[in-house]
Amino acid sequence: MSSLPAFRRLPRAVREQQMLDAAVRAFSRRGFHAASMDEIAEDAGISKPMVYAYLGTKEELFIACLHREGTRMVEAIAGAAAPDLPADERLWRGLRAFFGFVGAHRDGWVVLYRQARGEQPFAGELAVMRSRMVEVVAGMLDHALRAQGREVRETDLEVIAYALVGATESLADWLADHPEADPAKTATRMMNIAWLGADQLLRGETWHPAAE
């Protein structure tokens, strides 16, 4: 009878996800520099050489974590709303999906938003993912507006998307520290803060300072 360890009988894709899960937990708790490959391997229930064999160095492992969590997040947002919905409904569903992701993957959010921002080359990887999210938000708004026969300048859409993404990220960081908070209610709060102004701007209404 075979005495091979159980982990060798698991499909490679499953084992890699277990390694990434363990790595995300470790990086979230301790940061990139303090987290060790030994603790990641132990948490995943495998040997350290297998971590290196599957996912490479600690830097490569961290980048793999960023890619997985970032892809999950963008896919959740992009797949949240049907393209024929009004702009506000599409944005609301996107926000709900985003905050739902953060609520369900708090460790992943911490790795993305906190651990990666001040470390190179990770900050560059994060900037690329953030640009993707801005493109998704701008595309959602543009598609919904065109369906209503409205057209907004590309620059205005980009500015609105960047503003929405930045404010949403800040509130998501708050949510990550408050496990008792309801992600759906947090999405509603964000919608009330953001949409009233965004809707007016998309309609061409702008504020100007009083002439001095």
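A nonpolar core is a set of buried Ala, Val, Leu, Ile, Met, Phe, Trp, Tyr and Cys residues joined through side-chain atoms within 4.5 Å, where buried means under 20% relative accessible area with a 1.4 Å probe, protein chains only. This is a predicted model, in which local features need pLDDT of at least 70 and side-chain atom pairs count only at pLDDT 80 or more, while totals for chains, interfaces and linings use all residues. Residues are numbered from 1 along each chain as its sequence is written, and side-chain values use heavy atoms, with hydrogens and water left out.

Let's start with the core. The largest one holds 68 residues, and Phe-27, Leu-61, Phe-98 and Phe-99 have the most contacts inside it. Helix α7 (residues 122-147) supplies the largest share of this core, 12 residues. Helices here are DSSP runs of H or I with at least four residues, numbered from the N terminus.

| Residue | Helix | Relative accessibility |
|---|---|---|
| Met-19 | α1 (residues 12-34) | 0% |
| Thr-186 | α9 (residues 183-202) | 1% |

Now for their contacts, meaning heavy atoms within 4.5 Å. Setting aside neighbours within four places in sequence, Met-19 meets Ile-40, Ala-44, Ile-46, Met-50, Val-51, Tyr-54 and Leu-55.

With residues up to four places away not counted, Thr-186 touches Phe-99, Leu-171, Trp-174, Leu-175 and Ala-181. Phe-98, again leaving aside neighbours within four places, is in contact with Met-73, Ile-77, Trp-109, Met-133, Thr-168 and Ala-172.

Technical notes. Helix = DSSP H or I, 4+ residues; strand = E, 2+ residues; numbered from the N terminus. Buried < 20%, exposed > 50% of the residue type's maximum accessible area, 1.4 Å probe, protein only.
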